[in-house]
Amino acid sequence: AQDVDDDTKLSKAVVTSTVVLTTTQQQEIDEYVTYSAGKLIDGADYEVPAARARLHQPFNDPSATEIFKGRYSISICRRLAGAVSEQQRVVTRLNAMILLRSVAAKGVEDLIRAGLSDGNPSVRYLASKAAAGDGKRPELELGQKKAILDALTRAFRNETDPLVAGQVLLG
């Protein structure tokens, strides 16, 4: 694997691919996500929002294909699995929930569910907003959407913070 540093970018060929990505292209995505997610998880507090923005940027690229976004989302879900644990800093968990609004891959429902049951009301609030992002993710399978809806229902029943409860209803 190549050295990954702050100048690491995703190649246009990867982002705009209309065919199944090669192993090398998938590795490029994984290296980009690993570097940026590492900053989100282990970086200084001031680096975390920039790392989240860096991870989110490819979703905003108008030339990004669904093939790319699907593989990119899978890589993000794998790398963020530990980022939503309550052992992580709140700033990490908050930024992970913000990022998850754009992610559509198997496993996103587990990450959102973890956020909805977080001990911090701000994380739960952003997790409910991430769940609401599900309407913008037609790629999610019906079972994934149902898992998110079930998690929202449980979260609403257990929620003690009125602001969070209101957002859960909107989710």
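Which helix is the place of S75? S75 sits in helix α4, which covers residues 66–80. This is a predicted model, where local features need pLDDT of at least 70, side-chain atom pairs count only at pLDDT 80 or more, and totals for chains, interfaces and linings use all residues. Residues are numbered from 1 along each chain as its sequence is written, and side-chain values use heavy atoms, with hydrogens and water left out.

**View 1. The whole protein, built from helices.** Here you have nine helices and zero strands (helices are DSSP runs of H or I with at least four residues, strands are runs of E with at least two, and both are numbered from the N terminus). The radius of gyration is 16 Å, close to the 16 Å that the globule rule gives for 171 residues, so the protein is as compact as a globular protein of that length (the radius is taken over C-alpha atoms, and the rule is 2.2 Å times the number of residues to the power 0.38). Taken along the principal axes, the C-alpha atoms fill a box of roughly 45 × 35 × 20 Å. Of the 171 residues, 46% count as buried (under 20% relative accessible area, using a 1.4 Å probe and protein chains only).

**View 2. S75 and its partners.** Back to S75 in helix α4: this residue is buried, with a relative accessible area of 5%. Its side chain and that of D30 are joined by a polar contact of 2.8 Å (a pair of N or O atoms within 3.5 Å; within protein, one must be able to donate a hydrogen and the other to accept it, and residues adjacent in sequence count only if both atoms are side-chain atoms). Set aside the neighbours within four places in sequence, and S75 is in contact with I29, D30 and V33 (contact means heavy atoms within 4.5 Å).

**View 3. E159, in a loop between two helices.** Look for E159 in the loop that links α8 (142–158) and α9 (162–170). E159 counts as buried, at 14% relative accessibility. Its side chain reaches the backbone nitrogen of D161 at 2.9 Å. Leaving out neighbours within four places in sequence, E159 is in contact with R124, V164 and A165.

**View 4. Contacts along the chain.** Take the contacts between residues at least 6 apart in sequence: 65% of them join residues at least 24 apart.

Key: Buried means under 20% relative accessible area, exposed over 50%, partly exposed in between (1.4 Å probe, protein chains only).
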